Amino acid sequence: MREPVDLTGRVGHSKGLRGDYSRMRADYTVDQDYATYTEVHQRTWRQLYARQRELVPGRACAAYLKALDVLETLDYGRAIPRFDDVNTKLREATRWELAPVPGLLPDDVFFAHLAQRRFPTTVWIREPEEFDYIVEPDVFHDFFGHVPMIFDPQIADYLQAYGEGGLKAARLGGLKYLARLYWYTIEFGLVREGGEPRAYGAGILSSPAELRHAVEAEGSHRVAFDLIRAMQTRYLIDDFQKTYFVIDSFAQLFEETAPDFSLLYRALERLPELEADAHLPTDRDAGR
Ligand code: HBI
Ligand code: FE
């Protein structure tokens, strides 16, 4: 049994956040109190799942679809998943587990969990009137968007390395660069498969409209992944992304982000920040 993440609770962290942080443990985890899900919550899950499940073939990457097949042996689409059931499969696949949390965590807490191969996963689900859009990640965003990707060994190792790097970045003043890297890969990343862009980012995979916009729309700005370019580029949290970075493989992502980032942060301090919709002559177009 790994020692629990030893982090002092933050006073005031949860101000304005949606979840119930009042009963969380020192490491910000809570119990998934399955009995608290109502029939309305379960119906919301089934409807969100059914709609998105139709859209992912031909748009999500192969690793995602392969993991969804495994998860659907747990009747994944029929009801809000039980952490224990999914953790049994996930541990088997990549030695990761999901940690039930009330919602967004402070960066350093989030990184500490990732560094120990634990993915903080929100326990609450959106209300029916939020069916098409929520600001904070809910159980559908996490379980439908993130969880299948953690079944891929390369992504699993990248996420752990990202967590370790995050703890270091916090000390080196590199947090905002690392947050952009997370955003343009784990949340909104595309990977090229058979010459075509396919989604591996959870924010794309869990959104019906953005899945089409990112993967198929003619006008979307898709550029070949470039670590510095991604870390320089601001991102939008309440609209489709203006730029999508396309990797050739998860191995490429893992290898390009393996080196120590300390020197990178110092170089980035001297480079201009780029707007989300910037188009540079050096951008290698990653087409349709
Ligand atoms: N907390 N629960 C949760 N889930 C996230 O995806 C998350 C987070 N805290 C911070 C965060 N993501 C991003 O700022 C990362 O860049 C660290
Ligand atoms: Fe997310």
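I started with Arg-82, which lies over the face of Tyr-34, 3.7 Å from the ring centre; a charge sits over a ring if NZ of Lys or CZ of Arg is within 6 Å of the ring centre and within 35 degrees of the ring normal. Arg-18 lies over the face of Trp-124, at 4.3 Å from the ring centre.

A note to myself: this is a predicted model, where local features need pLDDT of at least 70, side-chain atom pairs count only at pLDDT 80 or more, and totals for chains, interfaces and linings use all residues. Residues are numbered from 1 along each chain as its sequence is written, chains are lettered from A and ligands numbered from 1 in the order written, and side-chain values use heavy atoms, leaving out hydrogens and water.

Next I looked up ring pairs and found 24 aromatic pairs in the structure (Phe, Tyr or six-membered Trp rings with centres within 6.5 Å; planes under 30 degrees apart are stacked, over 60 edge-to-face, the rest tilted). Tyr-200 and Phe-250 are edge-to-face, because their ring centres are 5.3 Å apart and their planes stand at 70°. I see both Tyr-200 and Phe-250 as buried (under 20% relative accessible area; exposed is over 50%, partly exposed in between; 1.4 Å probe, protein chains only). I also noted one aromatic cluster, with Trp-45 and Phe-144 among its members.
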